[in-house]
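Please look over the structure shown here before reading the report that follows. The report takes up helix packing and then a surface feature.

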Amino acid sequence: SHNFEPKEFTCDNIESYLYSIYTKRSNSLLESLKKQKIDFINKKIKQHQKILAQFQSQEYWEEESQKNYNFANIILANLYQIKPYKKSLDLKDFNSNDIKIEIPKVFSNVSQISEYFFKLAKKSKQKAKYIYIEKNNLDEKIEYLSFLKHNVETAENIQAIGFLFPK
């Protein structure tokens, strides 16, 4: 075991000495807290940017909608010659061009196939309509997080950071 041996220490101004120790310690805590909060914010920003990068454009969803709507109409026009349980259809479109339509799932009732593509078309149209709202929402979140990060970086004390992150 270690025995504590006091060392003689001369100090002209004990108050300023203690204050300097306090300042060093609180600066160290402040920097540690800043790093922790900035890492957290950066992680959130990255998550939102990743989602944003995976977004398809409004044009993409409009084209998807149109494609599925066309498929549904072609299938509807050719119902009499379609057999149930098919995985793909070789048909003629309205310009008498050959068209192959892949069917992602099996349908026992032929009319369900065109219904399926009408529903897909409708879903794609909705996505096209609301994609800018979702994108705008994510952009605003990223902007807010960047603002928050700046405030953490410029915070002068732990209380200021605590105020930015209420429990």
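Predicted model: local features only at pLDDT ≥ 70, side-chain atom pairs only at ≥ 80, totals over all residues.

How are α2 and α3 oriented relative to each other, roughly parallel or roughly antiparallel?

## Packing of α2 against α3

The axes of helix α2, residues 58–77, and α3 come within 8 Å and cross at roughly 165 degrees. Because angles over 145 degrees count as roughly antiparallel, α2 and α3 are roughly antiparallel to each other. Their crossing is left-handed.

On the α2 side, the residues that meet α3 include Trp61, Tyr69, Phe71, Ile75 and Leu76, along with Glu62, Glu64 and Asn68. Among the α3 residues that they meet are Ile113, Phe117, Phe118, Leu120 and Ile131, as well as Lys125 and Lys127. Sorted by class, the contact of α2 with α3 has 13 nonpolar, six polar and four charged residues.

## Packing of α1 against α3

Helix α3, which spans residues 110–154, also packs with α1, and the axes of these two helices come within 10 Å and cross at roughly 165 degrees. The helices α1 and α3 are therefore roughly antiparallel to each other, and the crossing of α1 and α3 is left-handed.

In α1, the residues that meet α3 include Lys34, Lys37, Ile38, Ile41, Lys44, Ile45, His48, Ile51 and Leu52. From α3, the contact with α1 takes in, among others, Lys135, Leu138, Asp139, Ile142, Leu145, Leu148, Lys149, Val152 and Glu153. By class, this contact of α1 with α3 has 10 nonpolar, five polar and eight charged residues.

## The largest pocket

The largest pocket has a volume of about 150 Å³, and the elements that give two or more residues to its lining are α1, residues 14–54, and α4, residues 158–164. The largest share of that lining, six residues, comes from α1.

Which residues line the largest pocket? The lining consists of Tyr19, Tyr22, Thr23, Ser26, Asn27 and Leu30, together with Glu156, Asn157, Ile158 and Gln159. By class, the residues of this lining divide into four nonpolar, five polar and one charged.

## Summary of the picture

Taken together, helix α3 is roughly antiparallel to α2 and roughly antiparallel to α1, while α1 also supplies the largest share of the lining of the largest pocket.

Conventions: Residues numbered from 1 in each chain as written. Heavy atoms only, no water. 1 Å grid on protein atoms, 1.4 Å probe; cavity = no way out; pocket = protein on both sides within 12 Å on 5 of 7 lines; lining within 4 Å. Points joined across faces, edges and corners; volume = space filled by probe spheres on them. Helix = DSSP H or I, 4+ residues; strand = E, 2+ residues; numbered from the N terminus. Nonpolar A, V, L, I, M, F, W, Y, C, P; charged D, E, K, R; others polar. Axes fitted to C-alpha atoms, helices over the stretch in contact; angles between N-to-C directions. Parallel < 35°, antiparallel > 145°, perpendicular 65-115°, else oblique. Left-handed = near helix turned anticlockwise from the far one by under 90°. Contact = heavy atoms within 4.5 Å.
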